[in-house]
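Please find below a colleague's note, arranged as numbered points.

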Amino acid sequence: KTSSARVYSLVIRRFCNMLSYEEIVTFSQIDIQTLNKIVQNFAGTHSGSMNQVIRSIRQFLGFLHGKGLCTEFKMDSAVYRVPNRSRTIPGFTKGEVQKLLDCCNRENEMDCRIRAIILIAVTTGLRACDIATLKRQDVDWKNSTIAIQQHKTKKMVSQPLLPETGNAIAKYILFHRGETGTEMDELFLQHTRKTVPIQRGAICSQFFRLCIRAGMEKKEGRSFHGLRRSAATWLSEVDMDPHEISLFLGHTSFSSVNKYIATNPEMARCSLGFESIPLKSEVYHG
């Protein structure tokens, strides 16, 4: 079975069990009140996957209606308006990122490399997998940009190369990358083998060790990917247009930026009423 088929099977099995609990013995007895009660029950244990639950129930009801076994329910009924909430995971504050950078010994090769990588992450929003495959020719020193095709979305993004980030990259290349790596296209190489590019896992593990050195408490959101979340949140805090943030991050869908905007405390102070707008996730959609 495919993943979606397994989910459908599990949802419908529990759905039928709940019908029995509600003393529904034939599908023709299903009404909107019973459906609401069942869906609310699902919401208590499947808050993060209600879209799949609703879709499975909708398909099952459509099948039953097609067989003449139950009443047709309108799509705008309350059962289809159960919100599917997604958690908003915080990132780093600017002070915390600066603490990490200050903890790096610029004369040490590994520290110099991770410092440059952190600066790339917070100034361009690139993921660890994209930084690991970043090539020397992707850095346009003349026009101060970094251009790369994202591994996850396959979208091309061109980000500004800020002076501090450029200086950190240049220091790593000039003093630590080594002459043996001159034939390598990848920008960042392994510490012990200069003919092998750094891997995503190595970036994440070194970043984790740096967090420990900096005395940062381990908690949710303090991962390398948290730097990308932080960059997006900071942009929202200076009132950058959400569409521009989405383009900056290279999202394939504009809705992906909502979780970053939701972490901006200023957004929570909006005085407008949203009662008539359906809640789809952690933010409101017009």
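Which side chain meets that of Arg115 in a salt bridge?

1. The partner of Arg115 is Glu164, at 3.3 Å from N to O; a salt bridge here is a side-chain nitrogen of Lys or Arg within 4 Å of a carboxyl oxygen of Asp or Glu. The pair links distant parts of the chain, with Arg115 in helix H5 and Glu164 in helix H7 (residues 163-175), 49 residues apart. Arg115 is buried at 7% relative accessibility, whereas Glu164 is partly exposed at 41% (buried is under 20% relative accessible area, exposed over 50%, partly exposed in between; 1.4 Å probe, protein chains only).

2. The model is predicted: local features need pLDDT of at least 70 and side-chain atom pairs 80 or more, while totals for chains, interfaces and linings use all residues. Residues are numbered from 1 along each chain as its sequence is written, and side-chain values use heavy atoms, without hydrogens and water.

3. Arg213 lies in helix H8, 102 residues from Asp111. Asp111 is buried, with a relative accessible area of 7%; Arg213, at 46%, is partly exposed.

4. The whole structure holds 6 salt bridges. Another of them joins Glu96 and Arg222 at 2.2 Å, N to O. Both Glu96 and Arg222 are buried.

Key:
Helices (H or I, at least four residues) and strands (E, at least two) are DSSP runs, numbered from the N terminus.
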